[in-house]
2 protein chains.
Amino acid sequence: MSKLQGNILYGQSGGPTSVINSSAYGVIMEARKHKEIGQVIVMKHGIKGALNEEFFFIDKQDEETIELLKHTPGSAFGSVRFKLKDFREDDSNYLRLLYIFKKYNIRYFLYNGGNDSMDTCAKIADYMSHIDYDCRIIGIPKTIDNDLPCTDHTPGYGSAAKFISNTMMEICYDMLAYPNGKVTIVEIMGRHAGWLTGAAGIANLSGFGPDLIYFPEVPFSVEKFKEDVKRVYHEKKQCLVAVSEGITNEEGIFISSSSGMKDAFGHFQLGGVASKLATSVASDLGIPSRSVEFGSTQRAAAHLQSLTDVNEAIAVGRHAVEAAVKGESDLMVAIDRLNNDPYEIGFSLHSLVKCANTEKRVPRTMINEQGNGITQEFLDYVLPLIQGENPPKFKGGIQQFSKLKD
Amino acid sequence: MSKLQGNILYGQSGGPTSVINSSAYGVIMEARKHKEIGQVIVMKHGIKGALNEEFFFIDKQDEETIELLKHTPGSAFGSVRFKLKDFREDDSNYLRLLYIFKKYNIRYFLYNGGNDSMDTCAKIADYMSHIDYDCRIIGIPKTIDNDLPCTDHTPGYGSAAKFISNTMMEICYDMLAYPNGKVTIVEIMGRHAGWLTGAAGIANLSGFGPDLIYFPEVPFSVEKFKEDVKRVYHEKKQCLVAVSEGITNEEGIFISSSSGMKDAFGHFQLGGVASKLATSVASDLGIPSRSVEFGSTQRAAAHLQSLTDVNEAIAVGRHAVEAAVKGESDLMVAIDRLNNDPYEIGFSLHSLVKCANTEKRVPRTMINEQGNGITQEFLDYVLPLIQGENPPKFKGGIQQFSKLKD
């Protein structure tokens, strides 16, 4: 494969994770090693930045800003939720992208995101190949939801799992303060996959964790839930529940009080299920109950990253550049678990189309028989992903984050 | 003053903080230094443990458990909300306490709590003095709310302030991911005092913090709030708001959707104000809005303690023992700020009655003129309290907490 001289266009898309900027760091560091790469240009707010010609030029950033990417949550370069139409239906955005690619001599397009972002990536790859523009397109996985197929797990998940398990421990210990406690229901992100919700169960290894865990993978019965809560509360005078925002009834209808609003991808906006269940516990069972919603803190908690996750996020960024330089295209980087104990990983590449638009759910064997807890198989899977710490760069008691120059 | 030979009875009361167990550690460590002290006995669930004769014996705990108290949130020995009647009204509980004090040779009674706990402490001191039982009674301050009078600040506040400011930074950075953002309204604890809510403003030192902060000390106008939000959103397409759970209107009526339920001290249970305001922003202003409630995580975040706070919590525990051994009684230990830069503190003792039942609120000079932000005076006050870190004792990715033997 001949060397392809040009610049990298990198972008972030979809919901942020606490380590997506570590993948950007990996891309930047690896790019510096390859002579055929001129510079790394980053789209502001993902693909919208390319369409609007709004960029960050990595050469113009100072080294401290780049180093701090490993400690910066959110999407430092801006993210977007934007669904590209198929170019055969409407090619206006693609013509604009082609103009930008040519203007900035973009020969490497690296897009960092989840299912929907891989869809965007696949469509651009399809178009560029169709019009025969020489460009290598690689997807870099990220999502706290851990629902991407093809990869053993997704960067971003380990840190969110670490935050959730440690915070559940703290909530549990805090609850134990009072002799006659409450039912506390914690709502955890994850639209269709219970990977994050299941991570709450790690807390039980410490002796302080949730009594009940409800997954979107198992149809949720309000009656069964109330029986479970009643039983635990009767025994312990306390009950800690972890519940996915995405639990549905037998018919697949969300239990949450959906606002009825859909996002750009047609997904219903969720939230409020814990509060709904807490109200039901209080009024139907007469047991004092309250709800906690982690909200964006679970994906933004840079101060409680998993070092394993940070290192893997950097590695997938590096691997994307390496693969593209080697001539690969139209593929997503995946993490393969080669061994679990000791934990060992490798990387592979998978078709973008295969990775887009399907969601990997928690297998039934990782959820207990009653559908209200995790099994050893889940623990064996998740524990290696939360190992190690990446202590924040505190200055005067507060963290330092990257401040990028436009 | 002659030496008083006997045991210490220690207890925790009121809402937990992430460092109250460090005060227990201070008591235990200091007690070991004094020959007149036999052993430290800890009431299970505060004063209720004494009434029920339920104790933890520190001599029976292993050293690792005691060391881990410095990293353990919640009330490791159990807490309680229990209001003692005046003994002149009903002395049944006091007779029971006297029996217990005599049975276990309690000559030192140390009670760790906030306003209400100092009230309990004062009443017991009043009774013991009345019946001439020789016992030294010292209050040890704690409360995340920082609303105790007599003391410059309260152990527990610094760590909660650190968690709130760092988490606000993360939420803010996360929000910036999208070009057309939302109004995010974060609800922060503090019934009548805005110390914690104001701490959200520290985040702005990083460049990523709340645009608006609303205190219980300033009457809240929903109309003024909507104007503020509209102005910020118009300018930035984002707006991050920190709001105290305890904001009231001009007439002093809580804005929050009170459940109408009161706790044992006759306080209304609060919560839900952020969600109420978010709904108002969405429906009245047509701006997408969401709410975040930190809930118990803000007082339980042992993983993000301020080292200054931990050390001061230990010190007030030590000082309480020292003072009691010296013959002091019926007093609360207070922290005096001797100097701000460099930060230097000392300790003093104050009448329990003076410390009980009154709340120290944020002075108007620490809140900006518009009543929607903090001043430099607030920053100068709070910054020394969040300095330094006390990294968690992680084992396999999760924290280790004390596991006490009954």
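Colleague: How many residues of chain A are in contact with chain B?
Modeller: In this predicted model, 53 residues of chain A are in contact with 53 residues of chain B.

Colleague: Which elements of chain A each supply at least two residues of that side?
Modeller: They are α6 (157-175), β9 (289-293), α10 (297-300) and β13 (398-399) of chain A.

Colleague: And which one gives the largest share?
Modeller: That is α6(A), with nine residues of the side of chain A that touches chain B.

Colleague: What classes of residue are on that side?
Modeller: The side of chain A that touches chain B has 25 nonpolar, 20 polar and eight charged residues.

Colleague: What rotation superposes chain A on chain B?
Modeller: A rotation of 180° does so, with 0.0 Å of shift along its axis and an RMSD of 0.0 Å. This is the relation of a two-fold axis.

Colleague: Which C-alpha of chain A is nearest the axis?
Modeller: The C-alpha of E293(A) is, at 3.4 Å from the axis. As for the contact itself, the same surface serves both copies, and 100% of the contact residues of chain A recur in chain B.

Colleague: Let us turn to the domains. Where do they run in chain A?
Modeller: The domain assignment of chain A gives domain 1 as 6-155 + 302-358 + 387-399, and domain 2 as 159-300. The centres of domain 1 and domain 2 of chain A, taken over C-alpha atoms, are separated by 32 Å.

Colleague: How many residues are in contact between the two?
Modeller: In chain A, 20 residues of domain 1 are in contact with 18 residues of domain 2. On the side of domain 1 of chain A that touches domain 2 of chain A, there are seven nonpolar, seven polar and six charged residues.

Colleague: Now helix packing. At what angle do α1 and α11 of chain A pack?
Modeller: Helix α1 (residues 20-31) and helix α11 (residues 307-325) of chain A pack at about 40°, and their axes are 7 Å apart. Because of that angle, α1(A) is oblique to α11(A).

Colleague: Is the crossing of α1(A) and α11(A) left-handed or right-handed?
Modeller: The crossing of α1(A) and α11(A) is right-handed. Among the residues that make the contact are I20(A), Y25(A), V27(A) and M29(A) of α1(A), and V310(A), I314(A), V316(A) and V321(A) of α11(A). By class, the contact of α1(A) with α11(A) has 13 nonpolar, four polar and three charged residues.

Colleague: What about α1 and α11 in chain B?
Modeller: In chain B, the axes of helix α1 (residues 20-31) and helix α11 (residues 307-326) come within 7 Å and cross at roughly 40°. α1(B) and α11(B) are therefore oblique to each other. The crossing of α1(B) and α11(B) is right-handed.

Colleague: Which residues of α1(B) and α11(B) meet there?
Modeller: Those of α1(B) include S22(B), S23(B), A24(B) and G26(B), while those of α11(B) include A313(B), G317(B), R318(B) and E322(B). The contact of α1(B) with α11(B) divides into 13 nonpolar, four polar and three charged residues.

Colleague: How do α8 and α9 of chain A cross?
Modeller: The axes of helix α8 (residues 222-236) and helix α9 (residues 273-285) of chain A come within 11 Å and cross at roughly 70°. That makes α8(A) roughly perpendicular to α9(A). α8(A) passes α9(A) in a right-handed crossing.

Colleague: And which residues make that contact?
Modeller: V222(A), F225(A), K226(A), V229(A) and K230(A) of α8(A) make it with L277(A), S280(A), V281(A), D284(A) and L285(A) of α9(A). The contact of α8(A) with α9(A) has six nonpolar, one polar and three charged residues.

Colleague: A change of topic: the backbone. Is the peptide bond from D341(A) to P342(A) cis or trans?
Modeller: The bond from D341(A) to P342(A) is cis, with omega near 5°. P342(A) lies in the loop between β10 (331-340) and β11 (343-351) of chain A. In chain B, the peptide bond from D341(B) to P342(B) is cis, with omega near 5°, and P342(B) is in the loop between β10 (331-340) and β11 (343-351) of that chain.

Colleague: Last one: is the phi of C150(A) positive or negative?
Modeller: C150(A) has a positive phi of about 75°, although C150(A) is not a glycine. C150(A) is found in the loop between β5 (136-141) and α6 of chain A.

How values were computed. Residues are numbered from 1 along each chain as its sequence is written. Chains are lettered from A and ligands numbered from 1 in the order in which they are written. This is a predicted model: local features need pLDDT of at least 70, side-chain atom pairs count only at pLDDT 80 or more; totals for chains, interfaces and linings use all residues. Copies are superposed by least squares on the C-alpha atoms of residues with pLDDT of at least 70 in both. Two residues are in contact if their C-beta atoms, placed from the backbone, lie within 7 Å. Domain bounds come from an automatic or database domain assignment. Ala, Val, Leu, Ile, Met, Phe, Trp, Tyr, Cys and Pro count as nonpolar, Asp, Glu, Lys and Arg as charged, and the others, Gly among them, as polar. Axes are lines fitted to C-alpha atoms, for helices over the stretch in contact, and angles run from 0 to 180 degrees between N-to-C directions. Helices (H or I, at least four residues) and strands (E, at least two) are DSSP runs, numbered from the N terminus. Angles under 35 degrees count as roughly parallel, over 145 as roughly antiparallel, 65 to 115 as roughly perpendicular and the rest as oblique. A crossing is left-handed if the near helix is turned anticlockwise from the far one by less than a right angle, and right-handed if clockwise.
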